[in-house]
Protein chains: 4
Amino acid sequence: MSSSFGQVFRISTWGESHGTGVGVVIDGCPSLVPVTEEDIQRELDRRRPGQSDIVTPRREEDRAEILSGVLDGKTLGTPIAISVRNKDHRSSAYDEMARTYRPSHADYTYDAKYGIRAWAGGGRASARETIGRVAAGAVARAVLKQAFPDMEVVAWVDQVHHVKASVDWGAVTASAIESNIVRTADPSAAEAMIAAIKEARDSGNSLGGVVKCVVRGCPPGLGDPVFDKLDATLAHAMMSIPATKAFAVGSGFEAADMTGLEHNDPFYMQGCRVRTTTNHSGGIQGGISNGEDILMRIGFKPTATLMIDQQTVNRDGEDARLKGRGRHDACVLPRAVPIVEAMAWLCLCDHYLRQRCQRAL
Amino acid sequence: MSSSFGQVFRISTWGESHGTGVGVVIDGCPSLVPVTEEDIQRELDRRRPGQSDIVTPRREEDRAEILSGVLDGKTLGTPIAISVRNKDHRSSAYDEMARTYRPSHADYTYDAKYGIRAWAGGGRASARETIGRVAAGAVARAVLKQAFPDMEVVAWVDQVHHVKASVDWGAVTASAIESNIVRTADPSAAEAMIAAIKEARDSGNSLGGVVKCVVRGCPPGLGDPVFDKLDATLAHAMMSIPATKAFAVGSGFEAADMTGLEHNDPFYMQGCRVRTTTNHSGGIQGGISNGEDILMRIGFKPTATLMIDQQTVNRDGEDARLKGRGRHDACVLPRAVPIVEAMAWLCLCDHYLRQRCQRAL
Amino acid sequence: MSSSFGQVFRISTWGESHGTGVGVVIDGCPSLVPVTEEDIQRELDRRRPGQSDIVTPRREEDRAEILSGVLDGKTLGTPIAISVRNKDHRSSAYDEMARTYRPSHADYTYDAKYGIRAWAGGGRASARETIGRVAAGAVARAVLKQAFPDMEVVAWVDQVHHVKASVDWGAVTASAIESNIVRTADPSAAEAMIAAIKEARDSGNSLGGVVKCVVRGCPPGLGDPVFDKLDATLAHAMMSIPATKAFAVGSGFEAADMTGLEHNDPFYMQGCRVRTTTNHSGGIQGGISNGEDILMRIGFKPTATLMIDQQTVNRDGEDARLKGRGRHDACVLPRAVPIVEAMAWLCLCDHYLRQRCQRAL
Amino acid sequence: MSSSFGQVFRISTWGESHGTGVGVVIDGCPSLVPVTEEDIQRELDRRRPGQSDIVTPRREEDRAEILSGVLDGKTLGTPIAISVRNKDHRSSAYDEMARTYRPSHADYTYDAKYGIRAWAGGGRASARETIGRVAAGAVARAVLKQAFPDMEVVAWVDQVHHVKASVDWGAVTASAIESNIVRTADPSAAEAMIAAIKEARDSGNSLGGVVKCVVRGCPPGLGDPVFDKLDATLAHAMMSIPATKAFAVGSGFEAADMTGLEHNDPFYMQGCRVRTTTNHSGGIQGGISNGEDILMRIGFKPTATLMIDQQTVNRDGEDARLKGRGRHDACVLPRAVPIVEAMAWLCLCDHYLRQRCQRAL
C-alpha cells in the first residue's frame, strides 16, 4: 500500500529510476472531464531534468503517454494510466553506491526494510517517482477547473539557503514564477538564489530551502474534520515529497508567539459571502476550507548526494568512505515547485469528490 | 470517511461534546496482546479536563469502558470498542454560539460543509473527540511494547507563548514531564509557562506554543516509502490534532539554512548496528525509520474561544459581535501532550503491522 | 480490518455475544438525512431473538441507542454510533464448548486464526454481531429513501428444507412477508415451513433454506464496473452473513442451461425509459444497475449447533464427543430476512454515494 | 475506486479493449519473492484469444512486460507494473454498436453511469481487462508458493450448456485440465462440450456453463471473520469476473436440502492435525479456512454478443434491431479457467498477508 494516495480520486505510482519507465494509474476520476496529453506534458516539462543549467543534466524528454481512460479528449470514468519511458540512464555511475550507503539518502533504510533495493539511480527513492504525481496532478487540476474555473494553485521558491524572497502572498502570479529558472516569485532574489545554487554545485555541495504555495478560489466546505482535515492531508501530501522536513499552514510555528486575540481572524460579510479580515488560519478552520486563500510553507533539506568525500558504512557492516557520482540536483527546489502544486491539486480534488458524497456543493 | 485513521490498525472515533458520550472502535488489533482498562485510564487521566488549575474546569471523570475485543486482559483479534460517557455538559453556555460564529473556530466551516452542526460545546469539533485517540493510542502502545519492550514515546511542552524550554532531546524523561502541571521537560521554565497561561486566562485571552516529541527504540524499517512515508503519516497524524499549525521532523525548517555537508548524518558502525553521528534526519530517511531517535515538533495556535468581545458574523449572514462563554482551556498544550504521544503510537503501530505484511522483522 | 464494510458509507461493527453489548459506527453518512431510533428499532425488532416460537428463546430487547451523529432527528455528517446492551446471557451453557469444538461452527477456526476466542455464546461469531448491520442498514435505507422515495428492498424465506414457496418476484409485498412468523411470501407454504422448523428443533436437529431478495426502484448507473460490480459487492455482502453458502443474481446457476438467445434480455423503450422485456440479468448488466428489479437468491446451511451427540475434537488435539447446549435457532432463515435486507441497503447506499463522486445523478 | 482489488496485496487494472493496451499495478507485494515474466506469460497464454478453434479468433500475443518492481528475478517490495500492448484491434466492426446497445451487454449501463463509453471492442467492459488480473494472479501465486510450496489452485469447466462433467473434486489434476482445449477435468465430456460450443458458434448463438475450482494445501486461519470472510471475498472476486451469475462454496444451494446432522462435518484428529470426515463446509468455517480443500462453483451466463438479429434500443432512445459483428467467444468458459484461478490466488494472497499482520503463522 506504499505507493497509493487519495481516497476517492486515488493514484498509484510505479517505477524505478533506471528501470523501463515510470507511471501512474488514477482510479476514481469522474467521467466527461476534458484532459489532453498537452495538459500533462506542460506540467512535466516544468519538472523535467535538464530544463536549465541549475538542475540535473540527465537528459530525459519525459514524454507522457495516456494509455487508457481518455477518449477524444474526455475522461471515460475508467482508470487513467499514464507512463513515461526512461531513456538516459547510466547505471555505471552507481556501481559504488550499490554497496556503500550515501549518508542521509534512502539507501540504508530501503535495505533495512526490504532486504533488497534497486540501487541504480536511487531506484524507487529517485525523484523520477514524482513524474506520476505531476501527471496525475494535471488530471486533478482538470477536474477542479471544470467545477471551479477560477481556482488556482501557485507555488514558488521562497528561500534558497540564506537567500529569501520578499513577496506578498496575494501578489504572486504563475507567470512571474516561470519568468526565472529558480522559480521564485521575487525577481530581485532570483539572481542571488541562482548564484548560490551554482556555487554549491561547483563545490560538490548542495542547498535546501523553502517553497510557499497558495490556493486561490477554493470553495468553503472542503476537508473532512477529525483525521482527514484539509491541512492534515495537505501536510501528508507535502511531507511525502522527497527531501521535505517541515510543513506549515497559515501562521505556522509563528502561531506559538501570538495570543488568541492577535491570532483570531475576525469574520465580516462581503455581500453575501463570509470573509475574514486577516488570514492566520491560512484558509482552513477546524480542518475545513473557509473560502479564503490557503497558505502553506514546505521546508526542504539540501540534496543528500554530494560530490564530496564523506564518512559512511556499507552493506557488509563496515565503516567506509563515499564520494558521490552520477547526475544530481544541487538544489531540488526549482523542480519541486510543480510537484508541490501537483500534490495540492491531488488533495483538493480528492476532498472535492469526497464532499460530493457528503453533501451537494 | 472523516473519522477513521490507519490502514491495518484502523481506528474510528465517534461522539459530540454534549452528546451521550465519545468513543472509538479499533479494527485490526492483533490477538493475544495484554491490554487493561487501567492502561487506557492512565493516559485518559493525563488528557482529562479539570486535572489542574491551568486547564478547563469542566468536570469529567472520563472513565473508559472496554465494550468488546478484550477477554481476561488479552485482545481477541476482534474489534475493540471503548467508550466514555459525557457527564458535565452545560449546553446553555452555548446558546449564543448556536447562531453566531466564533472567529477562527470550526463553527462557520462546519455549517458551510454540512448545513448543520451540533453547536453545543463545539460538537464534533470539541477536544473531547481526542478521548478516542488517546484510548486507542494506549492499545497501540501495548502492541508495540509487546514487540519492542524498550520502545518509548515522550512528548512535552517546549514553548508557551514567549517562554521556551531549554532541554536536550536525549535527556528528557517521562517522569520529569509529569512532575509539573504544564508538562514541560525543563523545570526551570515551568513556573513562567504556568504564570503566562494564568495571566492569559484571567484576561479572557489564550496562548499557543510548541510540543516536542521523541520516539526512542524504534526499529529500522518502519514507514512505507513514497506516499506513506513515516514522517508524512506522522505529519498527517499530528496536523489532525485540533489547533495545530505546523509540523517538523529532525532539522525541520532549519534545514533550509544548511548545506548538504552540514546536514548529512554520517553513518558509522556501532558493533553490528548502523548508527549516525548526528541526527538532522530525525530518525527517518527516505520515509523509513533508521533506528535513531525520531524527533518531531508540532506548533499549536492559541485557543480560538476567547472571553473577549470580538467582531464576527452569524448564521443569517449578518455582521455581529461575540464574547465567548463556557469552559475552555486558555492554552491547550498541557493536555495536548498525551494526544501527541497517542498519535505517534497509532502511526508507529500501523506501520509496524504493515511491515509485518511486507517482510518479517 | 475484519469488521468494516463499505468504501464511502463505511460501517464498523463490534461486540461479542456475551460481552457488554454490540454496536456499530457509521462513518461517511451524509448530513441532513432524517433518522430516528424508531427507524432502527423497527428493523431490530424483526431480527430480535424471542420474537416468535420458532426462533431462539434468548430474551433480549435489543434496544438501540444512538450515541452520536444525529441531532433533532437529522444526521450531522459525523460518525453515527449505535449500541445495544446484552442482557440475557447465560455463559454456563457454554462451559463445555470452551474446550470442545462444535462441528461446522467457527470454534476451531477462530482458535486456529487468533490463538484465543470468546467462547461464550459463540463470541464474535454469534449472530448477535448482525445487530450492528441491521441498525446501520436502517440508516442506509434512510439515505436512499431521501434520494429515491420509491426504492424498496424486500426479502423473504423462499425455501425451508424441502418446503418451497411458489411466488412471483413481482407480486411480493413487505406486509405479506410480515404476516407470518417464518417470513415467507407464500402464505400457503408458511405452515409447512413452520412445522418443519418445529420438528427439527424438537429433535435437536436444524434446517437450512433459501432467502430471496428483490430491490425495486433502483436507478440505473449504480455499481462500479470491474472489481466492485454491483452484483460482486452484493455477493460479498450476502456471503458475509453467517451460515450462507451460495449467492445468485438473476438467472443464477440456471444461466448455464440457457443459450445466449434465450438468456439475453431484449431492450425496448417505455416512454423515455429504457426497459427490458425479460430480466435474466437480474437488474444488473456489466456490474451496473439497469433500472430493472434486482433479483437475488441466497442459500443458507442448517444451523451448526445441534442438541444431538456428535463426533468432534477438542483444544488439546483429542478426539471427543459433543452435544450442544444453550439457546439456538433451529433455522436461522426467519431472522435472516431483515439481515439480508440490511446488507442490500448498505451496498446500494455505498454505491449511490460513490456514484455521486463519479457523476451527478 | 472501481478498478482496484485487495486490502494489503492490492491490484489496480487499467485499459480499454481497443486502446493502447492493458495492464495492472500491484501495490503491497512483499520483497524477495522470485517472479519472472515467464511465470506471468504461462498464465496469460492460457487466457489468450486465438489459442484454439473454440475461442475468439482475435490475434493477440498478449506479451507481458514487467515495467517495475522486480530486479534480477526478485520482487523489490515496490509496485509491480505489468503491461500488455493491444495489437489486433479492428474497431470498424463496432461502428454500429457505438450507437445501438447490445442486449444484456454493458453498453447501456456504461452510458447510464458515465454518459460516455469507449464503445470499440467493449472498451473497459471487454474481457481484455482480465489480462491484468491473470498477470497479478501469477505474482500472488509466487508469494504463496514461497510460503506454502504445496498449495495449489485448480479450476476447470464442469458444465457447458447441457453437457456436464462427472469428476471427483479430489482427483482433478492441472495437467488433465490442460489436456483438452475446453479445459474440463472429465475427458469423456470434452468432445461433447467442444461440439456444443462449435454448434452454438456456427449458428451465431452462445452458451454458458459452470466452472469449479479447488484450493489445496491452504493453511488454517486465513480469512477475516465478519465482513471479509474468506468465502465472502472469494464470492466478491469470482462475481467480479465478466458473465458470472452465481457462486457457491462447499454444499452451496444444496445445503438448503440438508439437515444439520447431515450437513455438519465431524472433526477428527489425523496425527496432530485437525481434519473433517466430510467437507460440506468447503474448507471454510465461520469465514476462516480450516485446512481442508476449498471448493467453489461459479455459474457463467452465455456470451451476450450474438451474430443473430435481436430487438434493442439505441442511444437516442429509439427502438432498434442489432446483429452482432466483431470477434467473440461463443462460450467464455475455456478462457475463464485461468481467470478464476487468478482471482483465487489474489484473494488468498491478500488474506495471507493480512493474517501476517494479525498473528504470526
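**Reading the interface**

Guide: Let us begin with chain B and chain D, between which the count of salt bridges is zero; a salt bridge here is a side-chain nitrogen of Lys or Arg within 4 Å of a carboxyl oxygen of Asp or Glu. The model is predicted: local features need pLDDT of at least 70, side-chain atom pairs count only at pLDDT 80 or more, and totals for chains, interfaces and linings use all residues. Residues are numbered from 1 along each chain as written, chains are lettered from A and ligands numbered from 1 in the order written, and side-chain values use heavy atoms, without hydrogens and water.

Visitor: How many residue pairs are in polar contact between chain B and chain D?

Guide: A polar contact is a pair of N or O atoms within 3.5 Å; within protein, one must be able to donate a hydrogen and the other to accept it, and residues adjacent in sequence count only if both atoms are side-chain atoms. Seven residue pairs, with both residues at pLDDT 80 or more, meet this rule between chain B and chain D.

Visitor: How much area do chain B and chain D bury between them?

Guide: Buried area is the accessible area (1.4 Å probe) that two parts lose on being put together, summed over both. For chain B and chain D this is about 990 Å², with 44% on carbon and sulfur atoms. On the side of chain B, Arg356(B), Cys357(B) and Gln358(B) lose the most area to chain D, together 56% of what that side buries.

Visitor: What rotation superposes chain B on chain D?

Guide: Two copies of a chain are related by a rotation about an axis and a shift along it. Here the rotation is 180 degrees with 0.0 Å of shift, and the RMSD is 0.0 Å, by least squares on the C-alpha atoms of residues with pLDDT of at least 70 in both. This is the relation of a two-fold axis. Of the contact residues of chain B, 100% recur in chain D, the same surface serving both copies; contact means heavy atoms within 4.5 Å.

Visitor: Where may a salt bridge be found, and which residue pairs with Asp62(C)?

Guide: Side chains of opposite charge can pair when their charged atoms come close. Asp62(C) forms a salt bridge with Arg128(C), their closest N and O atoms being 2.8 Å apart. The two residues belong to distant parts of the chain, 66 residues apart. Over all chains, the count comes to 112 salt bridges.

Technical notes. Helices (H or I, at least four residues) and strands (E, at least two) are DSSP runs, numbered from the N terminus.
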